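Student: I am new to this structure. Please show me how to read it.

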Amino acid sequence: MQPDSLLTQAELDFIQRMQRNPKLNIRDSTRSLLVNGGVQIQELLTRLAAEEQVTIHAQFKNQQMNFPLHLVEDEFHALHLELGAPSIFEEGPQIRPWRLVLEEPIALETERGSPTSLWVHELSFKGVLLECRKQGKLPKQFAAWFNPAGQAPIAIRGELERLTERRLGAYRFTQYSKEDAERLRQYILQEHQRLHPALHAG
């Protein structure tokens, strides 16, 4: 190497090894989307995604998944379509959001991470089934943090819809940020994959 080189030979070798490593050169396959439909279809999808909510609908057995398409700008200011985490539904007498039944209830937390008296039993991307572990009625509204193991806390707010026979409160989510909504759908998808591995094998 020349004495005025910016990188040492060891640094150059390391960079070349990284470039040859296939695992480091694969984009996140759950996020990227390649559209092989010609320029017109790509332009139409891009225009629609910029203006409206566009989803890809998949159906299998008694379940449905709706994947939102997001228009994202990369570091070179080029626009790309990416798949978001899906909204999962189950069919029955009526179509309803798929519910994740927790093996063990999880306490909702305050902003400082302290447990509240509200415990999550079931969860969907639309709402939650809560138990109150203190005397008194379930609140009409709540705002707290859902913090399952291995995940960053997710801010959620809900409004009481009804009481179940087991005296649990069925709450509908009222508002949360796009980021929290996406992370909640991602968590539910991850648990759906764990519970239905054959469906997600690929």
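Tutor: Start with one residue. Leu-108 touches Ser-114, Pro-115, Thr-116, Leu-118, Val-120, Leu-130, Phe-142, Ala-144, Trp-145, Phe-146 and Ile-156, leaving out residues up to four places away in sequence. Contact means heavy atoms within 4.5 Å.

Student: What should I know about the model and its numbering?

Tutor: This is a predicted model, where local features need pLDDT of at least 70 and side-chain atom pairs count only at pLDDT 80 or more, while totals for chains, interfaces and linings use all residues. Residues are numbered from 1 along each chain as its sequence is written, and side-chain values use heavy atoms, without hydrogens and water.

Student: Which residues have the most contacts inside the largest nonpolar core?

Tutor: In soluble globular proteins, nonpolar side chains tend to be buried together. A nonpolar core is a set of buried Ala, Val, Leu, Ile, Met, Phe, Trp, Tyr and Cys residues joined through side-chain atoms within 4.5 Å. Buried means under 20% relative accessible area, exposed over 50%, partly exposed in between (1.4 Å probe, protein chains only). Here the largest core has 27 residues, and Leu-108, Leu-123 and Phe-142 have the most contacts inside it. Helix H3 gives the largest share of this core, 4 residues. Helices (H or I, at least four residues) and strands (E, at least two) are DSSP runs, numbered from the N terminus.

Student: Is Arg-185 buried or exposed?

Tutor: Arg-185 lies in H3 and counts as buried because its relative accessibility is 15%. Its contacts beyond four places in sequence are Pro-68, Ala-85, Pro-86, Ser-87 and Phe-125.
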